[in-house]
Amino acid sequence: MPVPDGLDGMRVDTGLARLLGLSRTAIAALTEEGAVLVDGAAAGKSDRLSAGSWLEVELPEPPRPLTIEATPVEGMEILYADDDIVAVDKPVGVAAHASVGWTGPTVIGGLAAAGFRISTSGAHERQGIVHRLDVGTSGVMVVATSERAYTVLKRAFKQRTIDKRYHALVQGHPDPSSGTIDAPIGRHRSSDWKFAVTADGKPSITHYDTVEAFQAASLLDIHLETGRTHQIRVHFSALRHPCCGDLTYGADPRLAERLGLERQWLHARSLGFAHPADGRWVEITSKYPADLEHALAVLRSA
């Protein structure tokens with residue numbers, strides 16, 4: 001096909017990512033394989049596109065659908081269950097669902113092993129998933145077990161009527177001690193797997209209150225108005241108060257070692273929402289896991 005006018009002057013990786021719906025990393029891999037030609041010549045990922053030039057891209061075979069393996073998940077507790085939803089206490093190191101490259105345990109696999117019937121709505125490997133938590137984040141996660149619940153909860157998350165509250169231990173003391181962070185979040189310029197505050201990012205709003213202040217850190221109660229990937233981690237890193245233990249976003253490794261943290265101190269504390277069947281308000285809370293409790297104990301003892 002000819003290069004569309006809207007891509008004129010763009011880098012090959014950026015333009016084709018927009019055109020084909022693939023990641024820039026995937027496009028870069030195609031260029032390295034010589035699978036992207038512009039006017040018959042192999043193009044590099046940083047080359048510029050010219051409107052009207054003839055573009056040829058050889059795409060790989062689509063991946064086979066991921067399968068759901070019913071595998072028990074150690075430490076995953078059922079917090080609430082009925083005919084429409086099941087809420088779990090997701091341990092750290094567990095993904096919400098299967099994905100390319102992930103070979104560890106998943107919430108969906110654990111629920112299948114426990115005998116739960118999950119909603120068949122959504123992509124096969126993500127059936128019933130209405131929201132997600134990072135592998136390195138623990139806490140409350142709700143999954144739809146009926147088609148009605150899937151539709152209602154997906155709409156509620158999109159319309160921001162779900163009360164999502166997290167607790168985070170961040171380095172230092174945010175000033176003011178309670179406030180709102182309103183800063184757009186987009187892909188990091190140099191790392192596709194990281195995010196950052198960017199001028200052209202998606203609107204992202206985080207409200208926070210200080211629950212407890214220590215000499216080196218502050219425990220925060222956080223209410224998310226939006227739900228961007230890594231939102232809390234990115235926002236507080238941008239304020240130079242990264243989550244303790246979050247080395248990816250600039251946390252002090254010495255403090256992380258002192259607190260015994262091998263991941264970011266971030267916990268999905270509670271979820272509040274109107275039940276998809278009858279509209280009654282449901283609020284589900286998760287207690288801190290042992291590693292996060294240990295970090296707080298170290299700070300309090302000092």
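**Terms and basis**

Helices (H or I, at least four residues) and strands (E, at least two) are DSSP runs, numbered from the N terminus. The structure is a predicted model, in which local features need pLDDT of at least 70 and side-chain atom pairs count only at pLDDT 80 or more, while totals for chains, interfaces and linings use all residues. Residues are numbered from 1 along each chain as its sequence is written, and side-chain values use heavy atoms, with hydrogens and water left out.

**Helix H1**

Helix H1 covers residues 12-20, and its buried residues are Val12, Asp13, Gly15, Leu16 and Ala17. Here buried means under 20% relative accessible area, exposed over 50%, and partly exposed in between (1.4 Å probe, protein chains only).

The buried residues of H1 pack against helix H2 (24-32), strand S1 (36-38) and strand S3 (55-57), where contact means heavy atoms within 4.5 Å. Just after H1, Gly21 adopts a positive phi of about 75°.

**A cis peptide bond**

Between Asp175 and Pro176 the peptide bond is cis, with omega near 10°. Pro176 lies in the loop that runs between strand S7 (163-171) and strand S8 (178-182).

His230 is not a glycine, yet its phi is positive, at about 60°. This residue belongs to the loop between strand S12 (217-224) and helix H5 (231-238). With a relative accessible area of 16%, His230 is buried.

Arg240, also not a glycine, has a positive phi of about 65°. Arg240 is located in the loop between H5 and helix H6 (253-259). Its relative accessibility is 75%, so Arg240 counts as exposed.
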